[in-house]
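Student: I would like to learn how to read contacts in a model like this one. Where do we start?

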Amino acid sequence: MPADPRQTLPAHPVTAGASPTTEPVAVRAALIVVALAFLALFLVLPLVAVFAEAFRNGVDAYFASFDDPDTWSAVWLTLGVAAIAVPLNVVFGLAASWAVAKHDFRGKSLLVTLIDLPFSVSPVVSGMCYVLLFGAQGYFGHYLQSVGVQIIFAVPGLVLATIFVTFPFVARELIPLMQEQGVSEEEAALSLGAGGWRTFWSVTLPNVRWALLYGVLLCNARAMGEFGAVSVVSGHLRGQTNTVPLQVEILYNDYNFVAAFAVASLLAGLGLVTLVVKSALEWRYADQLASGRRH
Amino acid sequence: MTSSLDATYAAPAAPGAPPSRLKARMSATPFRTPSAVPGFGLALGFTVLYMSLLVLIPLGAVVAWAASLGPTRLLAILSQTQTLNALKISFGISLAAAAMNAVFGLLLAWVLTRYDFPGRRLVDAAVDLPFALPTAVAGIALAAIYAPNGWVGSLLPFKVAYTPLGIFVAMTFIGLPFVVRTVQPVLADVDRELEEASATLGAGRLTTVFRVVFPTLIPALLTGFALAFARAVGEYGSIIFIAGNIPNVSEIAPLLIITKLESFDYAGATAIATIMLAMSFVILLVVNLIEAWSRRRLGHAR
Amino acid sequence: MDLKIRDVRKEYGSFPALNGVSLDIRSGELVALLGPSGSGKTTLLRAIAGLEIPDSGRILFGDEDALAKPVQERNVGFVFQHYALFRHMKVFDNIAFGLRVRGRARRPAEADIRKKVLELLDLVQLKGLENRYPAQLSGGQRQRVALARALAIEPQVLLLDEPFGALDAQVRKELRRWLREIHNETGHTTVFVTHDQEEALELADRVAILHKGDLQQVGTPDAIYDEPATPFVYAFIGDSSSLPIEVRGGRAALDGRALPLGSVDAPDGPARLHVRPQDVTFVTPGEGVALGRIAALRRLGAFRRADVEVGARRSRIEVRLPPEAVFAEGEEVGLAFERFAVFPAEGAPSAARAA
C-alpha cells in the first residue's frame, strides 16, 4: 500500500495556493521578507562587515596585518590554550556521560543541571571567581605569591577560565545521546567477556563519535573565541597573555582598524567553518546526534 | 524494584532489633542502583572532582566573599549611583532586547518551520551565527556598522553606536537564536488537525493562529525570552565596543565589575556579581517551572 | 440537509486518491464510508468538509455549491480521529469555540452560549466536566467533547473521521452504540469514515465501500452483505474463498465440467466463484457441486475449519464445520454451496451496483 502522500508533504511551498491551514500567498511572502530582512540586518551584516573592513585597504594591507609578532604570539597562545582545554573537557564529557547515562544514582538530575551552569553565568563572573581565588588579594593570593606561582595574569589563569566556560559543550552533546542509546550494547559486550575499558573503546565510543565531534567543534570554537572570561584573568600583557580575541580588542582600541578586523576575520572564518561542519553533521547524522538538543 | 531486592538480602532481625520490614525500608533507596556496567566510581569521581575544582569552588568563592561582606555592606555598595545605574542599564535594556527577540524570533521560527522557500536551509543555519561568531568579533563588527560613519549608522538620523541604543542592538544580536531554537521544535510539533478543527468551526485564519496555535507556543516563547534575557545581561564582548561605556549612561554591569576588579575593589565587584548570579539562578528556576507547568497542564502530545 | 457528490476526482502528484466518485446522501441519513487504507474514504470526507479541494467534480449541500465556499463557511461539524481538542482551553471553551469565533452579527450572547454548551455536555453525558482540561480526560471522554464541539455550531452535515480508531475495543463498542442513539435523537445528516466493517454494518443506514479511489457499492448493510456487487466487496465484507471457473453460455464450468449451479449472471469467459465458509457443507463424494479433498483441518474458536482442495489446479476454499464434525485430512468430500456469487475474473469489466 503506498504511503499516504498527505503525511509526507513538506512545509507549504511559498508559491502554492491557500489551504485551510495556511495563510494567503501575499501574507506568506510578506512575512518571509520581513523575517529575512531582520535576519540580514541584525545577524548577517556583522559577519559581512568583518570581512569588508578587513579588506578595506586591499589585500596587501590585509596580509600585512599578520606581520605583527604580538599577533602571532596571540595565535600560538590561543592554540595552546585550546589544545589544553578541549582535550580535558572531552575527558570530562566522556566521564560525566558514562556516569550519567549508563548508571542510575540519586542526584543525577542535580548533576546534569550543574553541568549546564556556565551557560547561565556571565563570562565576566566566570573569570572573576578565579581572581577572587588566585588574584593578588584573593583567598590564595598571598600563598601563591610566597611560592612564586602566578595564575592570574598568566597562562594558567587563561586555561582555567577557558575550561570553565567551555566544559559543558561536550557533555551536553553526549549525555542525551548516550541516554537514548541505553545500556544494552554495553551489557551485551560485558556478557561476552569484554572488560570495562574494552567495552568503552569498542562499543560506546563508536556509537557516539559524531556527537563527540560535534561537541568538540563547539567546545573548540568557544575556547578559541572566548573573550569576557579571559579578559578578566588576562592582564592584557601584549605578546604574553593575549589570546586572539584580546589581541583584536587591543588593535581596535589602538585605532588599528584594518589589522583588528583582519585578525577578527580569522575567528570569523573559524566560526563559519564550525557552522558549516555543524550543519553538515546535523544534516547527515541527525539520528546519531541527540534529539531535542538545546543550544 | 530496589526495595524488594534489598528486602531479600537484608539480614534477619536480631531480637530487639527493628523488624526486617522496617530495615528493608530504611535501605530501600541506595545511592546507586547496582548494575553490571563498571567504571561508575571512576567516572563519577572524576566528574565530581573536575566540577568541584573548576566550577563549584570558584563560584563558591564569590558566594563566600559576598557572605563575608554581609548583607548591609552589600546593600550599601549596590545602592551607589553608578552601580545602580549599571544594573538598571543591563537589566533594562536586556529586557527590551529579549522582548524584541521574542517577537522577531517567533516570526523567524514561524517562517522557517511553516514555509518553504529557496535558501531556507541557509537561513536556518544563519540563525546560529551569534553562537558561532566570537563575541569580540561580533562586537567590533557591530560597532563598525552602527558608528556614525558606518553602513547603517550613516543612514540613520540618530546615533546608535556609543549610546544605549547600541547596547540594545548588540543584545538583540546575541539573544535571537535562543528564542528561535526554543520555539522551532514546539512549532514543528503543532498538530495541523487543531488548525483544521478550528477552521471547520468557522474561525478565520487570523483567529486560528492567535487563539489556537499561539497559546501552545507560550511556554516555549517564555523560555526563549528568559534565556535571551539571561544571556544579554551577562554578555560582555559583543557589547563593550558598541556601547559608549559612559558611567551612568551606557555602562553595563559586567564592565563595571571589570573596572572594579582592576582597581582592586573586590568588594564592589563581588556585590554586583552576586546580584548577577542570583538572577541566573532565578532564571534557571523560572525556566524549569515553566517546563513543569506546561507538561502538567498541556500534557504530552495527544 | 441532503448531500450530492458528483464525479469527484483528486490526485496527489501521480497518486489517484479519488477516481470520479458519485454518491447521494439523504437528509438525516447515517452513511459509512468503508474501505482499506488508501481507498480514498478519508480524502472524500475531507473534500466534503473543505479540508481538501477536489481537482474536479461537484459537491452540493442541498442546492448550494459547497465547493464555492471555504471550509470556514461550510458549517460542517468535523470530528477527528485524534480528537484535535484545544489543549490549552477547558472543555467548556472548546465546545463554545465555534460559537465565539462568529462575527458580531451571528454570535449569540454569552449567556446563550453557556446554556448551549451545558445542554450539549448533558447530551454527550459529560455533565459537570466543563472546567476540566483535555489532558485530564480519558480517550472516550475526549471524543465525546469533540463531538459536542462539532454539534455546537448546528452543522448542516456531521463528518467523523475514524472517530473510534484511537480507543480501546471496549470503549469503542460503547461509543458506537451511543453515537447511534445521539444520531437518532438529533437527526443530523452524518457521514463517517471507518476501516472496520463490523462498525460500518452495525451503525450505518447505508454503507459506501471504496477501494483504490473507486466507489464499489452503496447499499444497506443487508444488501452489502447478501448481494455484493464486486469481488472486492465480497472479499472485504466477511470471510470468503474463491475458485477459478469458466462461464459459457450462462453456465459455470470447472475444469471443463459444467457445475450444477443453474444459470449464472456473468459474461462468457474466465470468472471466479466466491463462497463464504459458512455457506459450504460436506456431502457424499459425487453429489453436490464439486469434488474436493480435505487438505487441512484446524480448530478455530467455536468451530472447525477445513481447507479443501478443489479442481485440477487444486484451488483452496475454506469451509466452516461444526466442532463435532468428524473428518480426516486427505478425505474426499462432495461440496454443496448454499449461497455463492460469480464475478468475471480480474481485469474484466464489472459494474458497481448501487442500491
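Student: With which side chain does the side chain of Thr230(C) make a polar contact?

Tutor: This is a predicted model, where local features need pLDDT of at least 70, side-chain atom pairs count only at pLDDT 80 or more, and totals for chains, interfaces and linings use all residues. Residues are numbered from 1 along each chain as its sequence is written, chains are lettered from A and ligands numbered from 1 in the order in which they are written, and side-chain values use heavy atoms, without hydrogens and water. A polar contact is a pair of N or O atoms within 3.5 Å; within protein, one must be able to donate a hydrogen and the other to accept it, and residues adjacent in sequence count only if both atoms are side-chain atoms. Here the partner of Thr230(C) is the side chain of Gln216(C), at 2.6 Å.

Student: Is Thr230(C) buried or exposed?

Tutor: Buried means under 20% relative accessible area (1.4 Å probe, protein chains only). Thr230(C) has 4%, so Thr230(C) is buried.

Student: How many salt bridges are there between chain B and chain A?

Tutor: A salt bridge is a side-chain nitrogen of Lys or Arg within 4 Å of a carboxyl oxygen of Asp or Glu. The count between these chains is two. One salt bridge joins Lys278(A) and Asp128(B), 2.5 Å from N to O. The polar contact rule finds 11 residue pairs across the interface of chain B and chain A, both residues at pLDDT 80 or more.

Student: How many residues does the contact take from each chain?

Tutor: Contact means heavy atoms within 4.5 Å. Chain B gives 97 residues and chain A gives 91.

How values were computed:
Buried means under 20% relative accessible area, exposed over 50%, partly exposed in between (1.4 Å probe, protein chains only).
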